Amino acid sequence: MQPGQAGQPVQPGQPDGAPPVRIAIAGTGNIAGVHAAALRGLPGAELVGAADIDRPRLAAFGAEHRLTDLHTDLAGLLAAAQPDLVHLCTPPALHFEQAGQCLAAGASVLAEKPPTLSLRELDLLADLTRPGGPWFATVFQHRFGSAAGRLRALAGSGVLGRPLLAICHTTWFRDQAYFDVPWRGRWQTEGGGPTMGHGIHQMDLLRYVLGDWAEISAIARRQARRTETEDLSMAHVIFASGAAASVVNSVLSPREESYLRFDFEHGTVEVSHLYGYRDEDWRVTPAPGHEQAVLAAWPQPTAGRGPQSPAGPPSGHRAQFAAVLAALRDRAAPPVTLPDSRGTMSLVAGIYASAFGGGLVRPADLGPAAPCYGRMDGLAPGWEQ
Ligand SMILES: NC(=O)c1ccc[n+]([C@@H]2O[C@H](COP(=O)([O-])OP(=O)(O)OC[C@H]3O[C@@H](n4cnc5c(N)ncnc54)[C@H](O)[C@@H]3O)[C@@H](O)[C@H]2O)c1
């Protein structure tokens with residue numbers, strides 16, 4: 001068996017002789033397996049323990065990933081494993097309380113999305129973080145494919161001109177059975193529908209490239225699923241730069257796609273994927289007269305002719321974890337720390353605020369007194385269709 005395959009322990013690996021980062025996982029369900037696999041063989045990482053209230057699941061996870069420090073409660077894990085970092089892979093409603101527990105114990109937190117259920121919870125956690133750690137960061141893995149980094153750098157360099165228009169569509173399909181898991185599809189446990197739980201990845205990438213938003217007008221609907229939350233939202237978002245975006249979040253779309261398109265003055269950059277992209281999923285179309293500059297900055301495959309970009313890492317958990325570990329090695333803040341996660345959560349909150357309150361929403365409308373600050377549906381159970 002090759003190192004890095006399932007059943008092999010996560011290799012600490014210490015490129016610069018520094019001790020590996022001791023990592024524990026809370027919640028050993030679906031996504032935890034992706035975390036453990038992504039950590040496997042990553043230099044500088046050592047998976048040291050896990051916790052889950054479900055004993056059989058925890059035991060199976062321990063056996064698969066060769067972990068013996070297993071606990072049925074987070075407090076026990078924190079005390080025994082003394083991790084530097086906890087990956088929170090529990091259901092969303094637990095993130096706030098469990099992150100608080102970890103931070104109070106001196107362990108940094110890398111929380112699965114959504115980081116918390118509300119802006120209020122995020123702001124409360126901010127008080128427990130410190131610049132040198134412990135810190136709180138969110139898993140938004142689509143920032144970490146090489147193409148996203150290239151696009152952000154080019155957008156900042158001026159090569160592409162001003163951003164004018166963007167499309168950010170998360171058109172996924174989840175049948176009714178998907179919502180049988182008790183925490184799904186409810187405001188108090190999932191915090192929202194596809195806007196909060198699915199499209200948040202694409203919206204985070206949209207914001208990563210275009211920056212702060214300025215105005216939102218949106219609708220949310222329950223078209224077909226028996227859920228408390230929306231199963232569809234549609235928003236028009238104006239960014240501080242003046243760029244306008246169409247944002248669609250759906251779990252009703254049989255032909256599934258995650259589609260992002262950026263129309264800059266000098267070229268269109270677009271990606272179509274589902275749960276993760278590679279370099280070759282991106283396409284660049286220069287505007288007339290800008291071919292040379294744009295294609296020099298972002299070479300396109302040309303059937304064996306001409307320059308090509310070397311293929312970089314695809315988006316995914318492993319790419320983000322590598323970036324987190326690199327930041328820790330450099331004693332820098334890891335990517336997607338709390339203030340940065342807050343920007344994406346405020347975009348989500350803005351969509352709900354407009355959908356439930358009606359009309360145009362600006363960031364200043366989402367302060368502590370705003371209904372959508374404490375809960376994404378703004379305590380608007382009147383939202384019945
Ligand atoms: N980044 C991504 O692409 C991605 C994909 C899927 C899910 N997620 C997120 O990951 C998180 C988990 O989702 P999932 O699909 O793995 O859910 P899941 O239900 O499969 O797993 C959650 C696990 O947490 C355990 N748990 C519940 N209460 C606990 C407690 N008090 N302490 C410890 N463990 C506890 C459950 O027993 C379960 O094993 C959610 O926030 C979800 O939105 C992210």
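By class, the shell around the ligand holds nine nonpolar, 10 polar and six charged residues. Here Ala, Val, Leu, Ile, Met, Phe, Trp, Tyr, Cys and Pro count as nonpolar, Asp, Glu, Lys and Arg as charged, and the others, Gly among them, as polar.

A word on the source. This is a predicted model, in which local features need pLDDT of at least 70 and side-chain atom pairs count only at pLDDT 80 or more, while totals for chains, interfaces and linings use all residues. Residues are numbered from 1 along each chain as its sequence is written, and side-chain values use heavy atoms, with hydrogens and water left out.

Back to the shell. Of its 25 residues, Ile-31, Asp-52, Arg-57, Glu-112 and Lys-113 come nearest to the ligand; near means a heavy atom within 4 Å. Helix H4 (92–104) is one of the contributors, as is helix H1 (30–39), each with at least two residues. H4 gives the largest share, four residues. Helices are DSSP runs of H or I, at least four residues, numbered from the N terminus.

For Ile-31, a polar backbone atom is 2.9 Å from an oxygen atom of the ligand, and for Trp-183 a polar side-chain atom lies at 3.3 Å. A polar contact is a pair of N or O atoms within 3.5 Å. The protein covers 84% of the 860 Å² of accessible area that the ligand has on its own, by the Shrake-Rupley method with a 1.4 Å probe.

Key: Polar contact = N/O pair within 3.5 Å; in protein donor to acceptor, adjacent residues only side chain to side chain.
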